[in-house]
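The following exercises are intended for a reader who is new to this structure. Each task is followed by a worked solution.

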Amino acid sequence: MSQPDSYYAERIDDLITVFISRQSGEPVGALIKNVGTFVKEVLESTPGFQAEIRGEGIQLEYLLTAGLWRKQKAEKGHNGNAIELYLRLREIAGEDNARVALQAC
């Protein structure tokens, strides 16, 4: 029987907290908060993003892409680890075809 992987939390920004395995250094989970507020902000600056919202949800990969854009703009390349975590989470979300449910935005 395998032991549960121990992990630590790293807050990337107000949208994402990622949980990282102490053994492998890979993300093992994430907490996504303030999605509705974030989507509203993205839609104000990039109205075309509305095309990515299907029904009452959005692909997590697309949400993470928008978060990555915001992070890159805010950090101007100074926080490489956060950018790398966003890229890895986006990759995992795409592989899993994960979706985020949205309340009316």
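**Exercise 1.** Is Ser-21 buried or exposed?

*Solution.* The model is a predicted one. Begin with the location: Ser-21 belongs to strand E2, which spans residues 16-21. Next, consider the relative accessible area, which is 1% for Ser-21. Since buried means under 20%, Ser-21 is buried. Then examine the surroundings. A polar atom of the Ser-21 side chain lies 3.0 Å from the backbone nitrogen of Ser-24. When neighbours within four places in sequence are left aside, Ser-21 is in contact with Asp-5, Ser-6, Tyr-7, Tyr-8, Glu-26 and Val-28.

**Exercise 2.** Determine where Asp-13 is found and which residues it contacts.

*Solution.* Asp-13 sits in the loop between strand E1 (7-11) and E2. Its relative accessible area is 12%, and with a cut-off of under 20% for buried residues, Asp-13 is therefore classed as buried. The side chain of Asp-13 reaches the backbone nitrogen of Ile-16 at 3.0 Å. Apart from its neighbours within four places in sequence, Asp-13 is in contact with Arg-70, Lys-71 and Tyr-86.

**Exercise 3.** Describe how helix H1 and helix H2 are arranged relative to each other.

*Solution.* Two packed helices are described by the angle between their axes and the distance between the axes. Helix H1 covers residues 35-45 and helix H2 covers residues 60-75; their axes come within 11 Å and cross at roughly 65°. This angle makes H1 roughly perpendicular to H2. The crossing in which H1 passes H2 is left-handed. On the side of H1, the contact is made by Val-35, Phe-38, Val-39, Glu-41 and Val-42, and on the side of H2 by Leu-63, Ala-66, Gly-67 and Arg-70. Sorted by class, this contact of H1 with H2 has 6 nonpolar, 1 polar and 2 charged residues.

**Exercise 4.** Carry out the corresponding analysis for H2 and helix H3.

*Solution.* Helix H3 comprises residues 80-96, and its axis and that of H2 come within 8 Å and cross at roughly 170°. Angles over 145 degrees count as roughly antiparallel, which is why H2 is described as roughly antiparallel to H3. The crossing of H2 and H3 is left-handed. Among the H2 residues in this contact are Leu-60, Leu-64, Gly-67 and Lys-71, while the H3 residues include Ile-83, Tyr-86 and Arg-90. By class, the contact of H2 with H3 has 9 nonpolar, 4 polar and 3 charged residues.

**Exercise 5.** Which residues does Gly-67 touch, not counting those up to four places away in sequence?

*Solution.* Locate Gly-67 in helix H2. Its relative accessible area is 0%, so Gly-67 is buried. With residues up to four places away not counted, Gly-67 touches Leu-15, Phe-38 and Tyr-86. For a separation in space, take Ile-83: Gly-67 and Ile-83 are 16 residues apart in sequence and 9.7 Å apart, C-alpha to C-alpha.

**Exercise 6.** Examine the backbone of Asn-34 and of Asn-97.

*Solution.* Most residues other than glycine have a negative phi. Asn-34 is not a glycine, yet its phi is positive, about 60°. Asn-34 lies in the loop between strand E3 (27-32) and H1 and is partly exposed, with a relative accessible area of 45%. Asn-97 likewise has a positive phi, about 55°, although it is not a glycine. Asn-97 is found in the loop between H3 and strand E6 (99-101). With a relative accessible area of 52%, Asn-97 is exposed.

Conventions: Residues are numbered from 1 along each chain as its sequence is written. This is a predicted model: local features need pLDDT of at least 70, side-chain atom pairs count only at pLDDT 80 or more; totals for chains, interfaces and linings use all residues. Side-chain values use heavy atoms; hydrogens and water are left out. Axes are lines fitted to C-alpha atoms, for helices over the stretch in contact, and angles run from 0 to 180 degrees between N-to-C directions. Helices (H or I, at least four residues) and strands (E, at least two) are DSSP runs, numbered from the N terminus. Angles under 35 degrees count as roughly parallel, over 145 as roughly antiparallel, 65 to 115 as roughly perpendicular and the rest as oblique. A crossing is left-handed if the near helix is turned anticlockwise from the far one by less than a right angle, and right-handed if clockwise. Contact means heavy atoms within 4.5 Å. Ala, Val, Leu, Ile, Met, Phe, Trp, Tyr, Cys and Pro count as nonpolar, Asp, Glu, Lys and Arg as charged, and the others, Gly among them, as polar. Buried means under 20% relative accessible area, exposed over 50%, partly exposed in between (1.4 Å probe, protein chains only). A polar contact is a pair of N or O atoms within 3.5 Å; within protein, one must be able to donate a hydrogen and the other to accept it, and residues adjacent in sequence count only if both atoms are side-chain atoms.
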